[in-house]
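Please work through the exercises below with the sequence and the model open side by side, and try each task before reading its solution.

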Amino acid sequence: MSSAPAPAVVAAPRRRLPLAAVLSAYLTSVTCTAVSAIAVPWLVLSTTGSATRTGLAVFAEMAPYVAMQALGGPWVERIGPRRASWLGNLVAGLVVLVVPALYASGQLGYGALVAVVAAVGAVRGVADCGSAPLVPGTASLSRTSLSRAAGLHASASQAGNLLGAPLAALLLSLVPPPLVLLISGTGFVVASLLVRLLVPSDVGGGADPAEPYLRRIVDGLSFLVHDPVLRALVVMIAATNLLGTGYLSVLLPSWVRDNGLSVTAVGTVAAATGLGALAGSLLGAWLAPRVNRWLAYAVGFLIGGSPLYVSLALSDTLIPVVVTAACCGLATGGINPIIGAVQYERIQAEMLPRVLGAVKASAWAGIPLGPVLVGALTDQAGVRPTLTIVGVVMFLLTLGPFVVPAFRLMNDRPNDGSSRRR
């Protein structure tokens with residue numbers, strides 16, 4: 001008697017659309033964020049002339065953003081990363097649209113603007129906390145390697161910054177800053193719809209609702225503290241982010257104004273940085289499985305850090321700064337795919353929201369304070385002395401990967417991504 005044939009194993013179909021939707025939504029939201037990052041400081045700087053007030057406005061947005069990165073992970077796990085991503089972007093878009101509404105009614109004062117950007121920062125923190133954990137699941141559906149998907153996600157960020165800066169400069173040369181934010185707010189709504197309609201509801205899942213909130217917070221921070229690679233990355237990135245945010249929000253606009261250049265110069269320099277970073281990020285995504293991660297990270301940060309500040313301090317014309325910005329962007333562009341792959345490999349899938357939230361919150365901890373410190377120093381010492389000081393500090397920070405042994409562990413590649421603290 002013949003036995004029945006074994007049932008055939010049918011492979012799940014390859015589904016590229018969910019990953020494309022996540023990347024497109026991230027590209028859109030980063031572009032809108034980049035537009036706002038220039039429109040809001042320029043609005044404050046052009047109306048008040050105060051670098052300190054400009055820094056405080058950026059602080060008002062970034063402080064809630066960072067706080068929600070640290071505190072929102074457990075909520076994102078409970079409701080699911082997908083829902084957190086689309087709902088956060090939707091609310092952010094609607095809140096941003098309040099600015100042009102207040103402007104049209106003649107009620108847009110400094111206090112109202114600060115309140116709006118603070119609310120946007122909070123909900124954007126939740127949205128971004130939900131976005132990154134969608135990458136592994138959608139990458140699996142599309143059969144894309146984790147390092148490649150992480151590189152594409154980083155490239156979407158670079159492309160968004162590349163598009164956002166010149167778009168903001170163009171729009172600011174045509175219409176008042178509050179109307180520029182109308183476009184930004186609409187973009188956040190579009191990003192929300194992409195995730196809501198095109199990413200399957202089971203991607204990312206949700207955590208056990210019975211697990212206590214504070215337990216998740218503690219677990220995320222504990223994982224970060226006990227992993228030597230993540231800990232080293234976060235400390236260095238937090239320090240350089242503090243200076244980098246002060247550069248984009250305060251130093252670059254102040255340098256442009258002091259040299260009698262138009263606002264389009266801000267977008268030109270930022271676009272040069274973004275173009276170089278996008279090229280470096282795409283190159284990094286392609287080479288990620290084959291490069292020495294530690295060496296690429298160390299050299300990229302060293303070349304891409306202080307030279308831009310030195311160029312601004314020594315030059316009063318645009319072309320040398322643009323060339324330097326493009327080279328620095330190219331050097332640092334390959335860093336983000338490396339960082340993303342290291343994180344996804346070392347963090348368990350079910351813990352991604354809480355740990356990535358702790359990582360990003362810690363890495364961004366200095367960002368709200370950066371524009372305030374740099375703005376105050378600029379008002380007191382002047383633009384060029386501040387550029388020199390920041391450039392020297394940045395150079396010292398970028399020597400870290402060459403002297404701290406933990407960075408060399410970036411070359412360890414756990415097969416199951418389940419690195420655990422002992």
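This is a predicted model: local features need pLDDT of at least 70, side-chain atom pairs count only at pLDDT 80 or more; totals for chains, interfaces and linings use all residues.

Residues are numbered from 1 along each chain as its sequence is written, and side-chain values use heavy atoms, with hydrogens and water left out.

**Exercise 1. Determine how helix H14 and helix H19 are arranged relative to each other, and which residues meet.**

Step 1: Locate H14 at residues 307-314 and H19 at residues 383-397; helices are DSSP runs (H or I, at least four residues), numbered from the N terminus.

Step 2: The two axes come within 8 Å and cross at roughly 160°, where axes are lines fitted to C-alpha atoms over the stretch in contact and angles run from 0 to 180 degrees between N-to-C directions.

Step 3: Angles over 145 degrees count as roughly antiparallel, and H14 and H19 are therefore roughly antiparallel to each other.

Step 4: On the H14 side, Tyr 309, Leu 312, Ala 313 and Leu 314 take part, and they meet Arg 384, Leu 387, Thr 388, Val 390, Gly 391 and Met 394 in H19, contact meaning heavy atoms within 4.5 Å. By class, this contact has 7 nonpolar, 2 polar and 1 charged residues; Ala, Val, Leu, Ile, Met, Phe, Trp, Tyr, Cys and Pro count as nonpolar, Asp, Glu, Lys and Arg as charged, and the others, Gly among them, as polar.

**Exercise 2. Describe the span of helix H17 and how many of its residues are buried.**

Step 1: H17 covers residues 352-363, 12 residues, and reaches 16 Å from its first C-alpha to its last.

Step 2: That span is close to the 16 Å expected at 1.5 Å a residue, the expected value being 1.5 Å times one less than the number of residues.

Step 3: H17 is mostly covered, with 11 of its 12 residues buried, where buried means under 20% relative accessible area (1.4 Å probe, protein chains only). Among them are Arg 354 and Lys 360.

Notes: Helices (H or I, at least four residues) and strands (E, at least two) are DSSP runs, numbered from the N terminus. Buried means under 20% relative accessible area, exposed over 50%, partly exposed in between (1.4 Å probe, protein chains only). Angles under 35 degrees count as roughly parallel, over 145 as roughly antiparallel, 65 to 115 as roughly perpendicular and the rest as oblique.
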